[in-house]
Amino acid sequence: MHPFSFTKAATTREALNSGRRGGRYIAGGTTLVDLMRETVERPETLVDISDLPLREVRVTERGGLRIGALVSMSETAAHPKVRSLFPVISEALELSASAQLRNMATIGGNIMQRTRCTYFRDVTADCNKREPGSGCAAREGFNRMHAILGTSDACVATHPSDVAVAFAALEATVQLLGPDGERRVPFADFLLKPGSTPNREQAIRQGELITAVDIPALPRPLESGYLKVRDRQSYEFALTSAAVALHIRGGVIREAKVAAGGVGTVPWKLPAVEQHVIGERPSDALWKAAAEKAVQGARPLSGNRFKVDLLKRTVERQLRIVGGTR
Ligand SMILES: Cc1cc2nc3c(=O)[nH]c(=O)nc-3n(C[C@H](O)[C@H](O)[C@H](O)COP(=O)(O)OP(=O)(O)OC[C@H]3O[C@@H](n4cnc5c(N)ncnc54)[C@H](O)[C@@H]3O)c2cc1C
Ligand code: SF4
């Protein structure tokens, strides 16, 4: 661990002042401290933001949700409004990490977490994300857990968050506050594909603070849920996952929001799947045909070809669980 200084911000203004001077925010600390211990991250100043008033979950005027950046994963998952309006968010959180981690970890920290690629966390390995220009050990190495969508020559790592998959499906917006004021970034633009700069992972500027994640109102009734496929049933990252929300009225699917996890360099929105089911009646044949479109553009690596078929089956199954067959 490298030496660092530590300060606790009592107000948002204090946090922003420290952030502007290069301070690194720390919320639950469940991922940043690990990375510092492994010397992957070496911030000179940590700014503890855990006392800031960003701990509220509330229903917005239009019937969407605002989740404060410092609400813990467990509080968010258990919140009655999250459970009733968007169960896909609660389920994604409850299938993440462990109970102890979920009690400490925050929503802002979750969407800022870095990849679990083992080479990224091993400072002796070549890794363009950790050290630009050094190469990518995963391309020819152990890449069973890696991405099949959104990859580049520079990096093939997956984004590890589960709740980010639900946020991508629901077309959430990230609320940011920085030295120049507030701005809102659509979730689809917040997490960045690697391209030639895999070291740049989020569209956040130096010193900016995530204050909340907004979930837009969607037509009701809305059925939603999250399916996670992994090597063991708890405390493991996704091989594949699917977040699905469907608005079905008069027996016809009027609205569909679908995204996949464990397969993309960012949570992978599936517009072709959504378009395939809108205007149709739920049926096994529909779910199967729609899921075929989930793998459009997939480029598997030597160790993860199985993910192509697994992704189709994950999406098909979750469409059936949420939409049923009538
Ligand atoms: C063993 C283990 C298993 C896990 N399994 C899963 C899993 O299955 N699924 C899953 O989704 N996650 C999993 N995680 C990740 C876990 O969800 C994250 O560690 C956690 O959400 C991070 O939140 P935090 O508040 O502790 O972030 P911190 O560690 O405090 O911060 C993480 C990053 O976010 C930045 N940050 C934090 N808050 C803000 C803010 N408000 N504004 C701007 N920047 C901010 C920090 O500067 C830092 O870069 C696992 C973690 C561990 C250690
Ligand atoms: S996949 Fe990305 S994070 Fe992993 S070694 Fe390659 S460049 Fe690094």
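Guide: A word on the model first. It is predicted: local features need pLDDT of at least 70, side-chain atom pairs count only at pLDDT 80 or more, and totals for chains, interfaces and linings use all residues. Residues are numbered from 1 along each chain as its sequence is written, while chains are lettered from A and ligands numbered from 1 in the order in which they are written.

Now the domains. The protein chain is split into domain 1 (1-51), domain 2 (57-112 + 162-215) and domain 3 (223-323). These bounds come from an automatic or database domain assignment. Helices are DSSP runs of H or I with at least four residues, strands are runs of E with at least two, and both are numbered from the N terminus. The centres of the two domains, taken over C-alpha atoms, are 20 Å apart.

Ligand 1 lies between domain 1 and domain 2, because both give residues to the shell around ligand 1. That shell holds 31 residues, and the closest are Gly-28, Gly-108, Gly-109, Asn-110 and Met-112. A residue is near a molecule if its C-beta atom, placed from the backbone, lies within 6 Å of it. Strand S2 (24-26), H2, helix H6 (99-104), helix H7 (107-112) and strand S8 (209-215) each supply at least two residues of this shell. H7 gives the largest share, four residues. The shell around ligand 1 has 17 nonpolar, eleven polar and three charged residues.

Ligand 2 has 14 residues around it, and Cys-117, Tyr-119, Cys-127, Cys-136 and Cys-155 come nearest. Its shell divides into eleven nonpolar residues, two polar and one charged.

Two prolines come next. Pro-43 sits in the loop between helix H2 (32-37) and strand S3 (45-48). Pro-43 counts as partly exposed because 17 C-beta neighbours lie inside 10 Å. Buried takes 20 or more other C-beta atoms within 10 Å of a residue's own, exposed 12 or fewer, partly exposed the range in between, with C-beta atoms placed from the backbone. Leaving out residues up to four places away in sequence, Pro-43 touches Phe-4 and Arg-24. Pro-186 lies in strand S7 (residues 181-186). Pro-186 has 12 C-beta neighbours inside 10 Å, so Pro-186 counts as exposed.

Last, a helix pair. Helix H12 (residues 284-292) and helix H13 (residues 306-323) pack at about 145 degrees, with axes 8 Å apart. Axes are lines fitted to C-alpha atoms, for helices over the stretch in contact, and angles run from 0 to 180 degrees between N-to-C directions. Among the residues making the contact are Trp-287 of H12 and Leu-319 of H13. By class, this contact has five nonpolar, no polar and six charged residues.

Notes
Ala, Val, Leu, Ile, Met, Phe, Trp, Tyr, Cys and Pro count as nonpolar, Asp, Glu, Lys and Arg as charged, and the others, Gly among them, as polar. Two residues are in contact if their C-beta atoms, placed from the backbone, lie within 7 Å.
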